[in-house]
Every structure is written in C-alpha cells, then in structure tokens.
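Visitor: Please show me the model. I want to know what stands behind the labels.

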Amino acid sequence: MLRKKLKLSSTEDAELSEIYDVPNMSLALSNKHFNSIEPEEIPAKLLKHANGLNEKLSNLSFNKPVEYIYNPVEYAFDMYEAFIRKFCNEEKKILLLGMNPGPWGMAQTGIPFGEIKMVKEWYRIEAKINKPAIECPDRPIMGLNCHRSEISGKRLYEFFKKVSDTPENFFKNTYLYNYCPLAFMMKQNGKNITPAQLKGSVKKELEEHCNDTLLQVLSTLNTEIIIALGKYVKDQAESILRAHNIDHIQVIYLLHPSPQIPGNQNWGTKAQKSYPKKMHSSSNNVLNPNELSESEKHYMEIAFTYARDALRNQEVPVGCIFVYNNEIIAKGRNTVNETRNATRHAEMNCIDDVIAYCDEKSIESKDVFENVSIYVTVEPCIMCAAALYNLKIKQILFGCRNDRFGGQTVFDVSTVLNPVTDVKGGYRADEAMALLKEFYKGTNPSAPPSKVKIKSIDTKLV
Ligand SMILES: [Zn+2]
C-alpha cells in the first residue's frame with residue numbers, strides 16, 4: 001500500500017523494473033509482493049537508508065550553541081547493524097519512533113534507546129564501538145563499559161520486558177527507530193540539545209533529510225502504525241504522512257519516557273495502556289509458570305482433565321474451561337467425532353454453555369464474555385480464536401501451540417480483528433502436545449472406513 005503512495009527513489013524503481021521487466025511497476029506493487037521475492041533484503045535496505053542519511057547529515061553545519069555532534073550510527077555502526085540483523089529481518093507493523101540518541105543510551109551503544117543493561121543482558125548484542133571524531137569531555141563514549149543508565153532507555157526496557165518477556169517477542173511486529181541519528185551537545189557541561197531545539201535553516205535541512213529517510217524506512221517495513229514517543233516526532237510523522245497523502249498509517253502518541261517530561265512518572269503503566277493490545281497479545285508470548293497464580297494453575301489442571309477425557313473418548317484431546325468472577329461457568333472438550341460436527345471444538349461447546357448460563361440467570365452474555373478468562377490446553381484454532389476475539393474475551397491462557405490450525409501460529413487472527421483479548425501460551429506445553437501425539441499415534445488406519453473418515457475431518461479443523 002505504502003509503495004503505491006510513496007515516491008520511491010529512482011534506484012528502487014529501477015530495481016523493481018529490472019525484476020519484473022515492466023516500467024513503473026511501483027504503481028502496481030505492494031511491498032508484500034516485493035519483499036516476498038527478497039525477504040532477506042530488509043536489513044540491507046535499512047542499513048542503506050541509514051548510510052544515505054549519515055552522508056547527507058555529514059554535510060550540514062550546525063551553529064552555536066551546538067558544540068559537539070555525535071553520530072553513533074557511524075562510530076557504533078557494527079552495533080546498529082547487529083541490532084537490525086537480529087531483530088529486523090522482516091516487515092514490521094509497528095514503528096516505535098524516538099527522537100534522537102541520548103548521551104547514556106544510544107550514544108554509547110549505537111542502538112536506539114540502547115540502555116547498557118538492556119543491550120548487554122536482554123538483546124545480548126556485542127560489537128565494536130569506536131569513538132566520535134571529537135569527544136565532549138563531559139559525555140565520553142565508553143560503550144558497553146559505561147556505568148550510567150539512561151532513564152528513558154531503562155523505562156522502555158522495563159516496559160518491553162513486561163509486555164513481551166523476550167526481545168524476540170517484542171520485535172516480532174515492532175521496530176525501534178530514532179528519527180534523527182545525531183546527538184547534539186553544548187560546550188557547557190555537555191548539555192543535550194534536541195533536534196526540536198535547533199534553530200535556523202539547518203534545522204529545516206536536517207528535518208528534510210530525516211523525513212525522507214523515515215519514509216524509506218516505513219516503505220521498507222510496510223509499517224501500519226507509528227508509535228511516536230514524544231510530541232516532536234508525532235508532529236514530524238503526521239506532517240510527513242499528510243504531505244504525501246498517506247492515510248493508511250496510523251500515528252499513536254505516547255509521552256516520551258524521559259524523566260524530564262512532566263507528568264510521566266508512571267510512564268510504563270501509561271505506555272501499556274496506549275500500546276496496541278494486539279501487538280503484545282498476539283506475539284509468541286510464552287508463559288512463565290511463575291507468572292501464574294495457584295488458582296490459574298488449578299484451572300489449567302481442570303482443562304487438562306477434560307483433554308484426557310477427550311483422549312479416552314477418541315476425540316482430539318483439547319480441554320477447556322471458562323472462568324468468570326472466580327467461578328467456572330463452562331467446561332468441556334472436543335465433541336467433533338461424537339456429534340459428527342466439525343465445529344464442536346472445546347471452546348465452541350463452552351461458548352454455548354455460557355450462553356445457557358446467562359439465559360438461566362437472566363444476565364447479558366456480552367458482559368459475562370468480556371470478563372471471562374479461558375484456560376485451554378491447546379492454542380485456539382483460527383475459527384475459535386475469531387469467535388473468542390469477537391466476544392471480547394478478557395484473556396486466554398493456552399498450553400501448546402497448534403501448528404496446524406492455530407489462530408496465532410498459522411494465521412494471526414489478531415491482525416484482522418484487533419482484539420482486546422490478552423493471549424498467552426506455553427504453560428505445560430509439552431504435556432498438552434504429548435496428549436495430541438498420543439491421539440494421532442492412535443489413529444488406526446485399519447479401522448472401519450467411517451471412523452477414519454470422521455477422524456480426518458477432525459484433524460482438519462482442530
Ligand atoms: Zn477451534
């Protein structure tokens with residue numbers, strides 16, 4: 001979509017035309033088509049954009065009070081590259097957009113918001129870090145040996161960890177990018193000057209170059225949502241999109257995590273509320289057993305008893321319970337073979353039970369579903385995930401992934417339904433998978449034809 005609307009560089013147009021041997025192919029191609037041919041090219045393209053911007057910015061002259069200029073994308077390029085190659089090998093729906101390097105974060109590590117601990121212990125990235133040509137005595141570059149922690153980066157880091165547990169989960173749909181790669185400092189105490197505080201025509205030139213590169217990055221990543229960290233980048237992003245008549249990219253504003261911004265003491269909590277739910281619920285969130293309460297573990301155990309019951313009854317072993325206000329209001333398992341109805345999955349049976357429960361109590365099922373937690377031994381299939389998201393179920397905890405029909409794993413239903421449901425999986429996954437294997441192992445090829453037929457329906461839909 002973006003490619004249709006963005007003016008591409010002549011080189012990129014030429015590349016496309018060469019591949020397809022058709023002139024002006026950019027008008028007809030989406031990024032998806034293009035990237036499906038050369039998906040491995042994304043890191044290389046991003047690095048090319050970064051180098052192009054570095055070159056343009058190196059020609060600018062900045063006036064006082066700017067005394068020192070750092071470009072960590074140059075002197076810590078190896079780190080920047082390692083970050084991109086590790087976490088940005090594919091298109092990203094979300095671009096988390098920062099402003100420019102902080103003195104104790106990206107200026108030290110070359111990675112946007114690259115707080116030292118985050119880079120070393122969470123990203124686990126280590127590469128060569130040089131020094132800027134002229135170093136500010138108050139802002140020395142010590143790389144990963146720097147002992148100072150940047151508060152903005154630390155806040156982001158804590159937020160990322162909270163919503164995603166691992167960096168791979170966090171970056172599954174998201175890329176973290178700084179609008180401007182330069183950090184500016186004054187002579188006196190090395191005090192930071194933001195791009196927003198620059199004056200004169202050089203500011204305009206800087207923004208033009210940064211805008212062009214941001215557009216290239218959005219195009220390369222086929223981004224749909226920009227999360228702007230701070231008002232300056234929000235305004236920049238919105239004006240670029242407006243200027244290019246791009247209306248399919250949404251800009252979400254988040255307060256910048258800097259402690260210098262008033263009113264953002266609980267930045268992490270605020271960020272979590274504003275962050276698109278689907279992005280941290282739909283990723284491969286793996287449950288840490290320590291995160292579960294004893295009652296949640298108990299509920300999961302009950303779901304397992306239904307899965308085992310399914311196995312004994314020659315049904316695909318998936319067990320499920322729905323909990324509302326600490327009460328189990330529905331429990332069940334697959335009954336596909338028994339009913340000879342391919343849609344009677346455990347979750348569907350439970351949905352019907354909840355509707356019956358609400359009828360009996362004369363309460364609105366909508367209110368109940370929105371407060372239900374589901375414990376299910378296997379990741380809901382595409383059909384069930386769509387149904388549960390539409391009902392605005394509060395949360396789903398599942399055991400093992402469903403590699404054949406999973407509503408996240410095979411086709412991520414959240415990308416089309418934008419659910420409010422919080423989904424996590426991975427608890428007792430081996431055990432849940434062992435039950436499935438037991439079932440499929442038990443499929444008897446010499447069984448009467450009717451049974452084999454029924455089972456084949458079963459395996460297609462669970
Ligand atoms: Zn299902």
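**Contacts, burial and a sheet**

Guide: Leaving out residues up to four places away in sequence, M99 touches N178, Y179, C180, T194, P195, G230, Y232 and V233. Contact requires C-beta atoms, placed from the backbone, within 7 Å. This is a predicted model: local features need pLDDT of at least 70, side-chain atom pairs count only at pLDDT 80 or more, and totals for chains, interfaces and linings use all residues. Numbering starts from 1 along each chain as its sequence is written.

Visitor: Why is M99 called buried?

Guide: M99 has 23 C-beta neighbours inside 10 Å. Buried takes 20 or more other C-beta atoms within 10 Å, exposed 12 or fewer, partly exposed lies in between; C-beta atoms are placed from the backbone. M99 therefore counts as buried.

Visitor: Where does M99 lie?

Guide: In the loop between β2 (94–98) and α7 (106–109). Helices (H or I, at least four residues) and strands (E, at least two) are DSSP runs, numbered from the N terminus.

Visitor: What makes β8 and β9 a pair?

Guide: Pairing needs at least two DSSP bridges between two strands. Six bridges join β8 (residues 319–324) to β9, so they pair; they run antiparallel. In β9, R333 is the bridge partner of G319.

Visitor: Which strands are the edge strands, and what makes them so?

Guide: The open sheet has five strands in the order β9-β8-β10-β11-β12, with mixed pairing. β9 (327–333) and β12 (422–425) are its edges: each pairs on one side only.

How values were computed. Contact = placed C-beta atoms within 7 Å.
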